[in-house]
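Colleague: I would like to learn how to read a few features of a protein model. Could you take me through them one at a time?

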Amino acid sequence: MFQQGASKAARRVGGAGGSGSRLWPLSRKLYPKQFLALTGERTLFQQTLQRLSIEGMQPPVLVANQEHRFIVLEQLEQIGQQSQMLLLEPFGRNTAPAVAMAALQLVAEGRDELMLVLPADHVLDDQQAFRQALALATVAAEKGEMVLFGVPADRPETGYGYIRGQADGTLPDGVSRVANFVEKPDAQRATEYVASGDYYWNSGMFLFRASRFLEELKHHDVDIYDTCLLALERSKRDGTQIAIDPATFACCPDNSIDYAVMEKTTRACVVPLAAGWNDVGSWSSIWEVHDKDAAGNVTKGDVVVEDSRNCLIHGNGKLVSVLGLDDIVVVETKDAMMVAHKDRVQDVKKLVSRLDEQGRCETQNHCEVYRPWGSYDSVDMGGRFQVKHITVKPGAQLSLQMHHHRAEHWIVVSGTAKVTCDDREFLLTENQSTYIPMTSVHRLSNPGKIPLEIIEVQSGTYLGEDDIERLEDVYGRSDAVAAGATH
């Protein structure tokens with residue numbers, strides 16, 4: 001059925017909605033919503049990949065932010081999948097450049113194939129309906145059309161962009177020509193659109209041939225085309241991973257597929273997608289896709305609700321109790337709590353912007369931070385000390401490094417630790433500990449077959465995460481990239 005499944009299956013930090021700021025405090029810039037299990041046991045990213053288990057579909061081409069490389073690889077491994085190509089953006093430039101980089105690489109390899117472009121943070125409930133829409137879209141795309149999947153607008157939603165379709169006898173049955181795009185409307189206009197029956201929600205999902213997209217992009221936005229072409233020529237390739245040249249990519253205009261191509265081309269058409277689509281773009285969307293109790297409440301974690309209706313309560317360790325509230329969203333994490341009326345959750349991004357202006361770290365990452373070797377969780381912090389719970393995966397090791405302003409104490413909680421400290425190398429087991437003096441060259445490794453857990457106590461005059469000199473790293477992280485990233 002498909003010659004190519006090129007999934008843009010990892011959105012960019014800094015792109016349009018790429019950081020999932022409306023789902024703060026659960027979604028953070030360095031660990032955004034697509035990597036979270038918001039609607040099931042698997043993350044939205046993993047659900048997107050599993051959705052592509054279709055006969056004839058090739059392994060996906062992934063476009064991800066450089067900061068998310070190891071998260072992407074780990075989540076692929078968890079579901080037993082591999083990508084055929086991983087394009088790593090140094091920073092986000094929206095969807096048009098991301099797809100252009102993938103299309104240019106395919107064409108450079110002599111593979112002018114169909115590209116299915118999917119965001120990694122959407123929900124589709126009906127796999128059969130998705131496949132049927134995909135089959136119809138393939139017929140149109142094979143004829144050179146630029147297909148956009150449109151979700152039939154069945155309610156006056158003001159948070160989505162709309163597309164108006166019109167009949168076109170040159171297209172396959174069931175496919176409409178795109179008459180025009182409409183920005184997010186007010187409630188009255190949205191009601192009129194739904195009543196007309198001519199409008200679809202813009203799903204942000206596309207199907208087209210690589211050369212067709214590049215031809216249209218070159219015609220309608222040559223700056224993006226030329227810059228991406230040059231950036232690809234200057235990019236570095238390591239196996240299936242391509243690190244996009246940052247100096248060139250910084251010159252690329254920031255634009256979406258819609259603005260750069262789809263709103264300008266005469267080849268845009270829409271295929272209806274009635275598959276239970278939801279872009280999971282806000283806390284109200286999360287409430288919509290979950291099962292509810294008799295009072296319409298959605299709860300997760302240690303939550304007690306009394307005399308409250310249509311609320312979403314998300315706990316993450318602490319007991320959260322809600323009394324006498326309707327249409328309220330409460331989200332608790334280790335380091336932040338957000339309370340909002342369900343009608344105002346689209347504005348959570350305003351809170352995030354305000355926190356960013358104040359330099360608050362709570363928008364960047366969680367207390368638990370994931371690294372290619374495992375994770376660490378900040379337990380406590382004071383003026384001259386910091387305590388972390390560190391977990392190292394079996395067979396993994398941290399970088400060989402030193403600190404100029406702090407010393408560290410390591411206490412093994414479980415597993416076996418292999419410790420390098422200057423010219424010494426030794427093993428520690430459960431309940432054993434060691435001291436890493438200031439300026440000592442050190443490394444922590446897990447030679448065992450179970451996760452290694454340690455408690456690290458840092459002490460010194462300066463505990464900032466930029467006090468690290470990385471001397472050797474098996475994950476290819478440089479000090480420049482790792483600034484602000486401990487271990």
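Modeller: Gladly! Let us begin with helix packing: an axis is a line fitted to C-alpha atoms, for helices over the stretch in contact, and angles run from 0 to 180 degrees between N-to-C directions. Keep in mind that this is a predicted model.

Colleague: At what angle do helix α3 and helix α7 pack?

Modeller: Helix α3 (residues 95-108) and helix α7 (residues 222-233) meet at about 55 degrees, and their axes are 9 Å apart. Angles under 35 degrees count as roughly parallel and those from 65 to 115 as roughly perpendicular, so α3 and α7 are oblique to each other. Their crossing is right-handed.

Colleague: And how does α3 pack with helix α6?

Modeller: Here the angle is about 125 degrees, with the axes of α3 and α6 (residues 210-220) 9 Å apart. That makes this pair oblique. The crossing of α3 and α6 is left-handed.

Colleague: Let us turn to pockets. How does one look for empty space?

Modeller: Rolling a probe the size of a water molecule over the atoms shows where empty space is left. In this model, the largest pocket holds about 1200 Å³ of space. Its lining has 45 residues, and Arg-22, Gly-159, Gly-161, Lys-184 and Asp-279 lie nearest the centre.

Colleague: Which element gives the largest share of that lining?

Modeller: Strand β7 does, with four residues. The elements giving two or more residues are β6 (176-182), β7 (199-209), α9 (257-262) and α10 (283-289). By class, the lining has twelve nonpolar, 18 polar and 15 charged residues.

Colleague: Is Val-117 buried or exposed?

Modeller: Buried means under 20% relative accessible area; Val-117 has 4%, so Val-117 is buried. Val-117 sits in strand β3 (residues 114-117). Val-117 and Pro-60 are 57 residues apart in sequence, with their C-alpha atoms 9.8 Å apart in space.

Colleague: What about the backbone? Which residues have a positive phi without being glycine?

Modeller: Asn-310 is one, with phi of about 55 degrees, and Asp-327 is another, with phi near 55 degrees. Asn-310 is in the loop between β12 (303-306) and β13 (312-314), while Asp-327 is in the loop between β14 (320-323) and β15 (328-332). Asn-310 is partly exposed at 29% relative accessibility, and Asp-327 is partly exposed at 26%.

Colleague: Where is there a cis peptide bond?

Modeller: Look between Trp-24 and Pro-25, where omega is about 10 degrees. Pro-25 lies in the segment before α1 (44-51).

Key: Residues numbered from 1 in each chain as written. Predicted model: local features only at pLDDT ≥ 70, side-chain atom pairs only at ≥ 80, totals over all residues. Heavy atoms only, no water. Buried < 20%, exposed > 50% of the residue type's maximum accessible area, 1.4 Å probe, protein only. 1 Å grid on protein atoms, 1.4 Å probe; cavity = no way out; pocket = protein on both sides within 12 Å on 5 of 7 lines; lining within 4 Å. Points joined across faces, edges and corners; volume = space filled by probe spheres on them. Nonpolar A, V, L, I, M, F, W, Y, C, P; charged D, E, K, R; others polar. Parallel < 35°, antiparallel > 145°, perpendicular 65-115°, else oblique. Left-handed = near helix turned anticlockwise from the far one by under 90°.
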